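Subject: Structure handover

Hello,

Here is the structure we talked about. Please open it first, then read my notes below.

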Amino acid sequence: MTELASKLDDVTQRFAAAVDRANDEQALESVRVAYLGRNGEVTAVRRAIGALPPGERPEAGRVINDAVAAMERRLQAAHGELESRAFDAELAASIDVTFPSIRRPAGSIHPVRRIIEESCAYFVRHGFAVVVGPEAEPDYYTFDALNIPSDHPAREGFDSFWISDTLLLRPHTSPMQIRTMQQHRPPIAIVAPGKCFRRDAVDARHLFQFHQVEGLLVAEGINFGHLKGMLTGLCRELFGAQQNVRFRPSYFPFTEPSAEVDTTCPKCKGTGLLGSQSCNMCGGSAWIELGGAGMVHPSVLTEVGYDPDRYSGWAFGFGVERLGLTRYEVDDIRRFTKSDPNFLAQLS
Amino acid sequence: MRVPISWLREFVTLPADAQAIADRLAMLGFPVAEIERRPTITGVITARIAALEKHPNADRLQVAQVDVGAEAPLTIATAATNVAAGQTIAVATIGAQLPALTIAPRTMRGVASQGMMISAEELALPGEWFEDGIMQLDPNCALGMDVVELFGLDTAVLDVEITTNRPDSMSIFGLARELAASFGTGLRLPEFVNPGRDAEPPGEEPQVAIESDDCYRFVSQRIDGVRVAPAPAWLRVRLALSGQRPINNLVDVSNYVMLETGQPLHFYDAQAIRGGRLIVRSGRDGETMVTLDGVTRTLSTQALVIADDERPLCLAGLMGGAVSEVGPATTAIVLEAANFNGARVRRMSNALALRTEASARHEKSLALALTDLGAARAAALLRDLGATVYRPRAYGEPATRAAAIALKVADVQRLLGLPLAAQAIEHHLAALGCEIDLTQPDTLAVTPPVWRRDLTIAADLIEEVARIEGYERIPSIVPSVAPHEISSAAFALESRIAHVLEGLGYREIITQSLRNAGSVEVRNPLSEEQRFLRDSLVPGIIEYLAENASPVRVFEIGEVFNTDANGLVEQSLLTFGFSADPVDEPPWRDSHFLALKGDCEQLLRKITGRDAELKRGAKPGFHPGKTALATLDGRAVAHLGRIDPRAAKASDLRRPAYLCVIEIASLPAYETPRYQVPSRYPSTYRDVAVVVDIDVSARDIERAIVAAVGSLCTGAVVFDEYRGPQIGEGRKSLAARVTLQRFDATITDEEADAAVSLLLDALQKEFGAEIRA
């Protein structure tokens with residue numbers, strides 16, 4: 001018994017030294033196999049129990065089991081220590097978090113689309129549908145059906161690119177009013193975004209290719225107040241909750257009454273001043289022109305077969321790039337068609 | 001239109017502040033583009049030169065005794081040469097403030113001068129529009145009057161924009177009427193009685209023959225005893241402030257009346273009219289006339305002219321002719337106040353590329369009644385200048401009031417959303433000159449004023465009510481929209497595509513639709529570079545890529561135009577892709593192409609819910625060996641590949657470029673994917689390598705493996721390709737990973753190995769594949 005005890009003592013001492021020497025998990029595993037494995041040293045000691053007198057055997061078994069449990073605890077602790085040392089090493093690393101990022105290529109939608117989508121989303125929330133149509137339109141949809149007969153002076157305001165005697169590039173999105181009303185019965189609640197063309201000389205405020213967002217609501221009981229309500233909401237959506245909207249009388253052949261729509265200049269907050277200087281966004285007027293609007297002209301309703309005594313409605317058309325000039329404080333409208341990467345990156 | 005506020009004030013009481021007037025005009029529908037403020041001028045008064053002597057000590061100076069209506073005359077020395085005793089002039093007295101100087105007492109060569117005689121320029125008027133030297137005032141001016149006040153030189157001039165439907169308001173009267181109605185102050189218009197109404201002409205007055213349907217009314221009036229001279233100073237000053245150059249008394253009166261009443265006039269030298277007739281007729285092809293601007297113009301039948309028996313004298317509503325121009329020899333004139341078809345005048349104006357103040361009004365279709373008003377106003381002014389005016393003669397249609405418009409009181413609220421009582425409606429319309437019959441309380445019978453041709457239906461009247469009430473008083477209401485069936489699908493699809501590409505790292509651009517090449521031409525391009533409608537988005541994108549010094553990833557969604565047997569065909573296309581730096585890799589591999597293909601596959605998957613099939617394709621302008629076609633249900637949906645380097649170079653694009661073109665309408669609708677429960681049992685895999693001919697595609701091998709193994713195969717992906725001398729000419733090595741799995745049990749190694757030998761046999765049979773160790 002004493003012999004076995006001293007053998008066991010020797011094994012545990014050597015085991016402890018081996019564990020202390022083990023610097024990684026692999027070495028530790030080797031130690032475990034060498035001492036506690038099937039053919040390990042402890043097993044050899046355990047075999048010696050058979051040589052003991054039967055009365056001593058249980059006691060010897062208990063002593064060995066206790067020693068094994070202690071060795072296993074020792075191993076466990078060594079594992080813990082190794083792991084904690086590994087964590088310490090990992091945690092000791094420190095980097096410069098301001099070092100330039102590694103980025104995947106950045107995508108973006110064009111600011112024109114962003115404005116169109118945000119405008120449309122606002123109208124969709126209020127029950128409108130978004131419709132799109134062709135850019136090359138017959139003059140019927142572009143002018144005649146919109147109460148602009150061929151000799152009408154207002155045609156001069158739509159200096160258009162003509163493809164044939166009757167086909168032109170639409171100078172406004174209003175043809176979609178006619179197309180939609182001819183295909184559906186009231187209620188009509190649509191927004192129609194799209195590209196338009198006018199033979200305008202290009203400068204910092206004008207493009208010959210630009211985008212409009214058109215809106216049309218026709219049903220029973222629709223009035224000018226509803227136009228004000230929706231467009232005020234749109235301006236707040238696009239420019240902020242503080243926006244005010246002003247409606248001024250104007251003239252369009254396809255609306256009566258007609259209005260020009262202005263919103264308070266978001267840059268100078270409708271004061272006309274930036275510090276002591278006149279605001280360069282609104283020219284000091286405190287207002288930004290957005291576009292035209294009005295109650296759909298009875299002739300237009302009649303043209304599409306609606307009874308103007310029963311149905312009424314309103315329409316509006318805003319220039320998207322113009323909205324963009326104000327919204328993003330862009331100095332020159334041509335940047336929207338040039339779309340250079342820096343411009344796109346800044347506005348995305 | 002330039003509108004001196006002082007001129008408006010003659011007819012309507014207005015606030016002192018020019019900005020307030022401008023704001024009100026804007027809210028009436030007449031935006032003011034600019035408020036031109038006048039400089040401060042004080043101490044300038046009317047005076048008469050009582051006596052004029054040579055300066056005792058200076059040859060170039062004269063010394064005047066100037067009567068300023070005070071007891072003692074002022075002594076003023078002057079270097080001006082256009083002065084004479086008896087003239088009425090303006091003088092700046094001591095202490096007077098002029099734009100450039102303040103007048104102080106001074107001694108000129110020994111003579112104490114008590115002021116300064118004034119030229120137009122010193123009153124901040126365009127000097128070149130007035131006489132050289134001292135400005136001559138009217139002899140009947142009271143002396144000692146403040147010149148600034150007299151001529152309204154201190155009030156601002158407004159640049160007012162007038163919409164095309166309101167030619168009646170391209171006039172001082174028109175705008176004064178609007179402001180009076182809006183401010184609720186009275187309107188003080190002169191009484192428009194023609195002073196010649198009782199005087200029969202002496203018999204030589206020409207008759208007017210209207211031979212064209214495009215002349216609706218013609219008022220002519222014979223006026224004798226005229227002599228060409230400068231117009232009175234007040235009239236010249238008003239014209240100058242309005243931006244009209246004074247010419248002579250007759251021309252100035254016609255311009256003045258046009259600005260004031262809105263009716264353009266024309267004066268003919270009575271002696272120049274041959275045959276005693278003025279004929280309104282169409283031009284004759286090849287007929288020529290010299291217009292007042294000195295240009296010889298060749299007419300066509302499109303022109304509308306006023307002619308005598310021999311020759312055209314005037315382009316109707318546009319410009320007079322030289323032969324009947326009033327001049328120094330003129331003693332009698334014939335006045336024309338006519339009304340023409342606006343469209344005819346506009347067409348003639350466009351055809352001759354000639355636009356005048358008169359045509360700008362006529363082309364918008366003036367009211368007939370303005371003819372009589374214009375004639376009466378001109379006759380009164382000419383009579384005041386000493387002319388003898390005779391009875392006006394009117395030809396053509398009578399200037400009667402239009403029929404009454406029925407305006408339902410309830411419709412005002414229905415359209416405006418603003419409850420207004422019949423009395424308020426009546427008040428607003430009456431303020432604008434309408435006559436209202438209130439006998440039916442629910443429906444007003446409204447007769448528009450004779451000068452308004454734009455009021456024809458109830459909606460027109462409702463706008464008038466809203467303008468005078470003020471648009472700002474209409475309440476703002478958010479409508480509730482009833483359900484409807486109108487679809488947003490097309491827009492939503494385009495939007496989804498854009499956002500998927502945004503997520504894949506592409507930036508959206510918008511390029512020009514009008515280009516230098518294409519199959520559809522526009523008739524009136526702005527330049528040769530923009531003569532055609534694009535038939536592809538590719539050239540615009542290549543140009544964009546070429547303009548950028550670094551590689552960029554972009555997409556565009558836009559319309560392209562082609563023709564077919566039925567005419568024009570418009571399609572929505574998507575094109576996306578990138579420019580990239582070349583990669584050092586063998587010619588049979590192109591990682592940029594594979595990256596583009598990956599993006600195309602992801603896009604198609606997200607948009608259609610399905611995986612596209614890709615195979616070798618071809619497209620003009622694309623690299624013949626690096627172009628693919630993507631199909632869904634056997635239908636072509638995308639062409640993608642590398643841009644032909646020759647095409648890229650033609651646009652100065654040196655980098656390789658890769659583009660994918662998709663016709664949006666060809667994309668099938670999104671198909672909702674269904675979930676497939678994966679096997680609960682582990683899978684295993686085997687890598688196989690085979691040598692095949694180079695025209696056997698990776699996809700062929702994958703498909704053959706799946707077909708050979710059957711349901712046990714849950715994936716077959718080629719992951720490597722190699723060509724080289726060890727493999728042999730015309731051959732390549734492909735390595736594929738085959739994933740194997742059972743749904744009912746764990747697959748065994750034996751089963752997996754059996755599957756591999758099955759597929760290797762199949763590859764050998766189908767492609768002559770050699771198995772690589």
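I start with one residue in chain A. Asn147(A) is buried, because 20 other C-beta atoms lie within 10 Å and 20 or more is the cut-off. Keep in mind that this is a predicted model.

Where does Asn147(A) sit in chain A? Its place is a loop, between α6 (139–142) and β3 (167–169) of chain A. Leaving out residues up to four places away in sequence, Asn147(A) touches Pro253(A) and Phe254(A), and also His297(A), Ser299(A) and Val300(A). Pro298(A) is 151 residues from Asn147(A) in sequence. In space, the two are 9.3 Å apart, C-alpha to C-alpha.

Now chain B, starting with the overall figures.

- Secondary structure: 18 helices and 39 strands.
- Extent: the C-alpha trace spans about 135 × 80 × 55 Å along its principal axes.
- Burial: 43% of the 773 residues are buried.
- Contacts: of those with a separation of 6 or more, 68% join residues 24 or more positions apart.

Next, the cores. The largest nonpolar core has 273 residues. Val91(B), Ala316(B) and Ile333(B) have the most contacts inside it. Which helix gives the most to this core? Helix α9 of chain B, residues 369–384, does, with ten residues. A second core is separate and has 19 residues, including Ala704(B), Ala716(B), Leu740(B) and Leu759(B).

Val91(B) deserves a look of its own. Neighbours within four places in sequence are left aside here. Among its contacts are Val44(B), Ile45(B), Ala47(B), Val66(B) and Val68(B). Leu74(B) and Ile76(B) are also in contact with Val91(B). So much for one part of the list; Gly115(B), Met116(B), Met117(B) and Ile118(B) belong to it as well.

Last, a helix pair. Helix α6 of chain B, residues 249–261, packs with α9(B) at an angle of about 135 degrees. Their axes are 10 Å apart. That angle makes α6(B) oblique to α9(B). The crossing of the two helices is right-handed. On the α6(B) side, the residues that meet α9(B) are Val253(B), Ser254(B), Tyr256(B), Val257(B), Glu260(B) and Thr261(B). On the α9(B) side, they meet Leu370(B), Leu373(B), Gly374(B), Arg377(B), Ala378(B), Leu381(B) and Leu382(B).

Best wishes

How values were computed: Residues are numbered from 1 along each chain as its sequence is written. Chains are lettered from A and ligands numbered from 1 in the order in which they are written. This is a predicted model: local features need pLDDT of at least 70, side-chain atom pairs count only at pLDDT 80 or more; totals for chains, interfaces and linings use all residues. A nonpolar core is a set of buried Ala, Val, Leu, Ile, Met, Phe, Trp, Tyr and Cys residues joined through C-beta atoms within 7 Å. A residue is buried if 20 or more other C-beta atoms lie within 10 Å of its own, exposed if 12 or fewer, and partly exposed in between; C-beta atoms are placed from the backbone. Helices (H or I, at least four residues) and strands (E, at least two) are DSSP runs, numbered from the N terminus. Two residues are in contact if their C-beta atoms, placed from the backbone, lie within 7 Å. Axes are lines fitted to C-alpha atoms, for helices over the stretch in contact, and angles run from 0 to 180 degrees between N-to-C directions. Angles under 35 degrees count as roughly parallel, over 145 as roughly antiparallel, 65 to 115 as roughly perpendicular and the rest as oblique. A crossing is left-handed if the near helix is turned anticlockwise from the far one by less than a right angle, and right-handed if clockwise.
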